[in-house]
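Please walk me through this structure in a viewer, one selection at a time. Tell me what to select next and what is there.

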Amino acid sequence: MAKYILKRIVYALATIFLLIFVTFLMMQLLPGDPFTGDKAISEVTKQILMEKYGLDKSVLEQFWIYFKNVLQGDLGVSTQTGREVTRIISESFPYSFELGMRALLIATVGGITLGSYAAIRRGRMGDTVAMLISVVGVSVPSFIVAALLQYFVALKLRTIGINIFPISGWTTEFSKWLPSIALSFGSMATISRLMRTSMLDVLSSDYIKTAKAKGLSEKDIVIKHAVRNAIMPVITVLGPIAASVLTGAFVVEKVFNIPGMGKFFINSITQNDYTMIAGSALFYGAFLVFATLIVDILYVFIDPRVNFTGGKGD
Amino acid sequence: MKKFLTTLACFALLLSSLTGCTSASSQRDGSDIVVNLSSEPSKLNSVLATGSVDGNVLRHTMLGLVGLDENDEAEAGCAESWTVSEDGLVYTFNIREGMTWTNGEAVTAHDFTYALSLLFDARSGASYAMTWAPIFEGATEFFTVTGQGYSEEDVDAGVEKATDAQVTDAWQATGIKAVDDYTLELTITAPYTYFESLLAFMNFYPVNQVAVEAAGSLDSYATEVENFVGNGPFVMTAWNHEDSIVLEKNETYFNVDNIQLDSITFKMISDSNTWLNEFNAGTLDMTGISGEQYQSLAEQGVTTYNYNDGSAWYLEFNTAVEGLSNAKVREAITLGLNAAKYVELTEKNASVVATSFTPPAILNGEFQEEVGVLMDRPEDDYSELKALLEEGLAEEGLTLDTFSFTLMADEGDTTKIRCEYIQEALNSNLGLTVNVEQITYQTRLSRMTAKDYDVVLAGWGPDYNDPMTFMDLWVTGGGNNHTNWSNERYDELISLAYVEGDADTRTAYLIEAEEILATEYPIGMTHWRARDYLLADDLKGVVRTAFQDMDFTGAYIEAE
């Protein structure tokens, strides 16, 4: 097992190194530079700025300097704002992380509940309603859900005197609900559909029939036996879902004006802010690689059937 | 099913954005206002700042030698008075005594010379350095010395960077002097009529050297609330990046008795539905609105406001491209796209069709009135223009079948509508084939700089209140002239107007230059932009002009 974990860690580090390198190469392919503005600047000024940010050197040289700095925890300074990239990330990521975690929690709890309920009520009204919600969740983009929630829940409720949810911002506890729900909607739908399918499989298995024959209550059967086993496929997809929730929050952050990392990341790309692009990509990449690594390692403990040799499992 | 639901949701969203705009019943506390800045300022270091969003914050936290009144005329600022030499070249400013920075330092003439020494020092990387340097005696030479040894040519030629002694000598040779702590003398290269109002531009604000040194470097100065210092009517008390900036009344400001607002919170809401919802909820006192929102709100009878932001919008032609090298072709394209309909369908607000290049926001419309209507735009019948187009193309050995061009523009849905309109209008009015290419803003700028395009949708906003801020764009080899167009007489007129002291003669030069633009069409002028916004009923005294995007210095809350 130790060898397996070590191997996964080496893979993770290699992935991050490749990520930094590829991001660097791709930035060089972006047309223009960070200093071309709508009003022309003198060639001398441009040269000075290129030198100041080390952009006058060859790509490999730039990469080597950057890599050395990264190892020392220095991600450089934004070419657009002059702010330290590490400071921007450390200030903005907590918003994105909290939003993502809240959304993931809602998506997981909501999806498992909805999927289980639909499976238990298979073919009945409850199943249809649950799956309709799920289809809407998959079909409607999060920015539409965000805008609808903002208008109907935050604004329209005010007209009847219910002034609970702010229109935008991330300040009070109530201000966090609507963005989290909007971001969770798509993932919740995916989880509920997966859970329903898995649950239907489990419910038709022999040991559930045995449990029923033994006279166990439906509640006990569902909670103690069915859900516990049906949840495994859901856990498997939680890693990728967590990744998409954390990196896909930009539109929700925009609608609810949350100063999360998505705003900085997108702005840096449109402004050719090289240091910010590289820093954000590295941070997101490293975060996701380590999240996947942890899930992989935890999976070993959750499911003993995982083998460490790379061959087929038992 | 998916498609149906998505359509349904979009419809609901559209309804939500178009229905019900109540008059804002603000939830403010005392004289505190919350307004929408739309985006984060990129720089609050006044020397390096360039954008209007930067200017909106700096206008409230800083004060230059002069300020601007509601008509954009210069009024006393840090300089309580000034004199001008007979030849109009030497300005002597008497700095108000007793003014302080927010770090407690006194505001003196040295803060202005320090700011200008940073602005014109090539090593600071100020984008506008060479825009302003030609105006000040010796500033161009100072810029050249400080930039020595940096360009590729210098590096190849082995030119060494200037020594400290050379830099000091170059600086002392400029016409920028602090005579004493409270007297500043500026010598300019020609009697610029707009010089006084120009000094209200953010690049000419003073800078406190102690604060810059405390921040560690010019680049890290004014990047966070803790390393920003000001000398203006408001003090920055919070800067939550990508969220909000909070300003509070500066109790030590010399004119504090005339400042009626206690605080201004600038929000950075970029989503158009969100800012409208915030305004309707009474949590925003002022916000910009889109063309669609303006139309919808106007139909509902909601009071909206607008102002001419002083920007001109046009098609920029690459005259090195076959076909587009012919002025008749460029003229036919400009006049054939039906600008009135273009403005009506794409801007959907009070923007007006351009009749010349320089917008009426400059000099309160006086110059534009003197220029008059230079373009005869047909309303329905395009047959003459089509003939002109064919004639121009024939001169280049082309026909309507063999000629087409690609229109380059920014990404975004509104721009897409603009491009589609132009594509359709030129095809139906003139039989022209137009391809469209939408790219990111930064890529567009790079492609324009590299002159790698056929026709591009572009615009220009003024830096100072004089036609020259528009007219010198198109001189041969100018950094902002991406058209490859060159006209000897035009260049001559601009260089004459630069140094002409007589206002009438200067205006005559500029009018002739306008006429050349409207004959040769290196650009196809479309419209002068108006911007729309919503304002809380009780918020009064807000100034919005081409040179003061937002000014709340004289704003107040009207009691019910």
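The model is predicted, so local features need pLDDT of at least 70, side-chain atom pairs count only at pLDDT 80 or more, and totals for chains, interfaces and linings use all residues. Residues are numbered from 1 along each chain as its sequence is written, chains are lettered from A and ligands numbered from 1 in the order in which they are written, and side-chain values use heavy atoms, with hydrogens and water left out.

Step back to helix α11 itself, residues 291-299 of chain B. Helices here are DSSP runs of H or I with at least four residues, strands are runs of E with at least two, and both are numbered from the N terminus. Colour B:Gly291, B:Gln293, B:Tyr294, B:Ser296 and B:Leu297, which are buried. Buried means under 20% relative accessible area, exposed over 50%, and partly exposed in between, with a 1.4 Å probe and protein chains only. An α-helix has 3.6 residues a turn, so residues three or four places apart point the same way.

Next, select B:Asp111 in helix α3, residues 109-119 of chain B. B:Asp111 is buried, because its relative accessible area is 7%. Which residues does B:Asp111 touch, leaving out those up to four places away in sequence? They are B:Trp101, B:Ala106, B:Pro206, B:Val207 and B:Asn208, where contact means heavy atoms within 4.5 Å.

Move to B:Asn487, in the loop between α18 (468-471) and α19 (488-499) of chain B. B:Asn487 counts as buried because its relative accessibility is 11%. Not counting residues up to four places away in sequence, B:Asn487 touches B:Thr476, B:Ile516 and B:Glu520. With the side chain of B:Glu520, the side chain of B:Asn487 makes a polar contact at 3.0 Å. A polar contact is a pair of N or O atoms within 3.5 Å; within protein, one must be able to donate a hydrogen and the other to accept it, and residues adjacent in sequence count only if both atoms are side-chain atoms.

Now show both chains. At their interface, 56 residues of chain B are in contact with 52 residues of chain A. The buried area is about 4,600 Å², with carbon and sulfur atoms giving 57%; this is the accessible area (1.4 Å probe) that two parts lose on being put together, summed over both. Select B:Tyr150, B:Glu242 and B:Gln442: they supply 14% of the area that chain B buries against chain A, more than any other three residues.

Then pick B:Lys161 and A:Glu51, whose side chains meet in a salt bridge of 3.3 Å, N to O. A salt bridge is a side-chain nitrogen of Lys or Arg within 4 Å of a carboxyl oxygen of Asp or Glu. Between the two chains there are seven salt bridges.

What elements does chain A hold? There are 13 helices and zero strands. Along its principal axes, the C-alpha trace of chain A spans about 85 × 65 × 30 Å. Of the 314 residues of chain A, 45% count as buried.
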